[in-house]
Amino acid sequence: MYNLIRKDLVLQSKMIIGLMIGLCVYLFLDVSSLWVGVVFSIAVAMNAVTIDEKSSVHILLNSLPYTRKEIVSSKYIVVLLLTVMVSAAIYVGNLAIHGEFTSLKNLLFMIAIAVTAISVMLPFCYKFKSSYLVTASIVAFGLYLLVVSFFIQDLNDRIRAFVEFLLTMQSTGAYVAFVASIMILYVCSGLVSFRIYKNKAF
Amino acid sequence: MKIIISNQSKTPIYEQIHTQIKEQIISNDLKPGHHLPSMRQLAKDLNVSLITSKRAYEELEKNGFIYSVVGKGSFVSDQNEEMIKEGKMKGIEEQLLAAIQNSKDIGISLKELQELLTILYKEED
Amino acid sequence: MENQNVIELRHVSKSFDGFFIEDFSLDVKKGFVTGFIGGNGVGKSTTIKMIMNLLQPDSGSVSVFGLDYENHEKEIKQRIGFVFDESVFYENLTLAELKEIVKRAYVKWDDSLFYDYVNKFNLPLNKKIKTFSKGMAIKASLTIALSHHAELIVMDEPTSGLDPIFRRELLEILHQLLQDGDTTIFFSTHITTDLDSIADYITFIHDGEHIFTKDLYQIEEEYAIVKGGLELLDQDTEQEFIATRKTAYGFEALTSNKRKAEEVFGEMALIEAPTLEDIMYYTKKGAVPHVQLNT
């Protein structure tokens, strides 16, 4: 398991360094660090998926002494690890470039959005191919527009209000519940991916 | 020990090995107690499959030419006179049978063949 | 000891992509080399993938070293060395980088053995694997497969794409591996001449069906090619054959009952030992009688 995680980090080391440099550039340009963080986390996660995507690589990994459970869960751990790394980089970057402390609340929110998105994307990638993800997002976006224009016209406002609510949450209990529900979502996503991967043929 | 294998021959390879080792035992080129290479070594050296060397050794063992000790390998057995003679007799029989078949093919009678044999036998002396 | 099975497939069925294997059973004996033959698309790769647990059977059981994959997956795979017919490695890595990743997976990884093979095969350590030729890629696969003291070597078409010189070298390496008596080799091929000097048992598969597993001499004793004039053929005699090829000059047929053919035809027909290719060809021909009638 540790070896699989290590393998992912080694394989992606160049990519990660490149992304971190890109991240600093964005921070320098003073774009909202929250959204930069989300975008970069997802990009890193997608990269982690695509390096292992070829069926020949699955043949290799599954022929080595690893179980399918380990292969899937290591991927989830790596992606989470990378997301935390991105937020840490944002924190350090903001401190170094702008001399300001990023609020932990913002970072947490960034991680939450990224993890939620990744929770949906990973099972999708295990089931289909990551290249279909673009198609899927376009379809999802279309559906969203459809819903906004015909069914729930104030969906945008509702989401905004929900985000406001989350960001202004004060009680620790609410935070714990929020974090816990995100983690549960992530674990469930992992279980779904494992179910998909368990009987996959290569 | 000398073994030469023909890949063109119709004789199965295990039999070629069997015959050649047998001949060397009968002619006393391989002395009783001689340690034969392991089946796996022989297969590797002759570039034949393991089943080939295994079968050759099994045949030799069945006919009493060699014996094997678990964990130690295969050795040439003590050959008693009778067995060697028997082995040689068998060879003679085979060769005679071939001669008889050839004679029949071209219509040589038993009497003619016997005469030929007598002449040849005496010439050798 | 020598009659232990390293691989046992029992009544395995698997269907996917319009292809199926049904009630397939197979034993691979410990310490021997089993050659796995059959045409293209008859289920060789599928079988190998089931042995490696890359595919799970719909029903039936697969056991390796007497263990099942359900509970002993890692233990089994620690003891297997594998070579696939396609390159399964991260193409952007060099062999040295790949080694660093793979070696950590194996408890018994042996760096010195790895470098021995790298030198023997003249492989570049610092070139990306995607620049490797087909032959080099297979050598790299072999190097990885042989560097962790595996007890079972499973190879899918290892000799395709190799020049004859290396094919022979490979056979020598395999002979060397067999010396300890514990290593078992199972490999598929359609270059049947590779099998003559190394394979102890031949497993023949056709259309998802296990036709036989026999040692080479059993095949020689049971199967025969019968050649003769057309006047020898009638319905009864022809039924004895797996398949018959008729021309204006005579017939050629494969039988799996050599003794009976000798009794029936005696001196009237020529009875010869078949090559593995003959057996493959006639079995395929015999399996599709309808097509044969129409052509």
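Throughout these legends, contact means heavy atoms within 4.5 Å. The structure is a predicted model, in which local features need pLDDT of at least 70 and side-chain atom pairs count only at pLDDT 80 or more, whereas totals for chains, interfaces and linings use all residues. Residues are numbered from 1 along each chain as its sequence is written, chains are lettered from A and ligands numbered from 1 in the order in which they are written, and side-chain values use heavy atoms, with hydrogens and water left out.

**View 1. The interface of chain C and chain B.** Chain C contributes 19 residues to this contact and chain B contributes 15 residues. About 1500 Å² is buried between the two chains, with carbon and sulfur atoms giving 50%; buried area is the accessible area (1.4 Å probe) that two parts lose on being put together, summed over both. Of the area that chain C buries against chain B, 40% is supplied by His175(C), Gln179(C) and Tyr217(C), more than by any other three residues.

View 2. One salt bridge is counted here, the term denoting a side-chain nitrogen of Lys or Arg within 4 Å of a carboxyl oxygen of Asp or Glu. Arg55(B) pairs with Glu221(C) in a salt bridge whose closest N and O atoms are 2.9 Å apart. On the chain C side, helix H6 (164–177) and helix H8 (216–222) are the elements that give two or more residues, and H8(C) provides the largest share, four residues. Helices (H or I, at least four residues) and strands (E, at least two) are DSSP runs, numbered from the N terminus.

**View 3. The interface of chain A and chain C.** Here 26 residues of chain A are in contact with 24 residues of chain C. The buried area is about 2300 Å², and carbon and sulfur atoms give 61% of it. Within chain A, Leu60(A), Ser63(A) and Pro65(A) lose the most area to chain C, together 26% of what that side buries. One salt bridge is found across this interface: Lys74(C) is joined to Glu70(A), with the closest N and O atoms 2.6 Å apart. Helix H1 (2–28), helix H3 (55–63) and helix H4 (68–97) of chain A each give two or more residues to the side that touches chain C; H3(A) gives the most, with eight residues.

**View 4. The two domains of chain C.** Chain C is divided into domain 1 (5–215) and domain 2 (223–287), the bounds coming from an automatic or database domain assignment. Their centres, taken over C-alpha atoms, are separated by 35 Å. Between them, 11 residues of domain 1 are in contact with eight residues of domain 2. The domains bury about 800 Å², 82% of it on carbon and sulfur atoms. In domain 1, Thr192(C), Phe204(C) and His206(C) lose the most area to domain 2, together 51% of what that side buries. Zero salt bridges are counted between the domains, and one residue pair is in polar contact (both at pLDDT 80 or more).

Methods:
A polar contact is a pair of N or O atoms within 3.5 Å; within protein, one must be able to donate a hydrogen and the other to accept it, and residues adjacent in sequence count only if both atoms are side-chain atoms.
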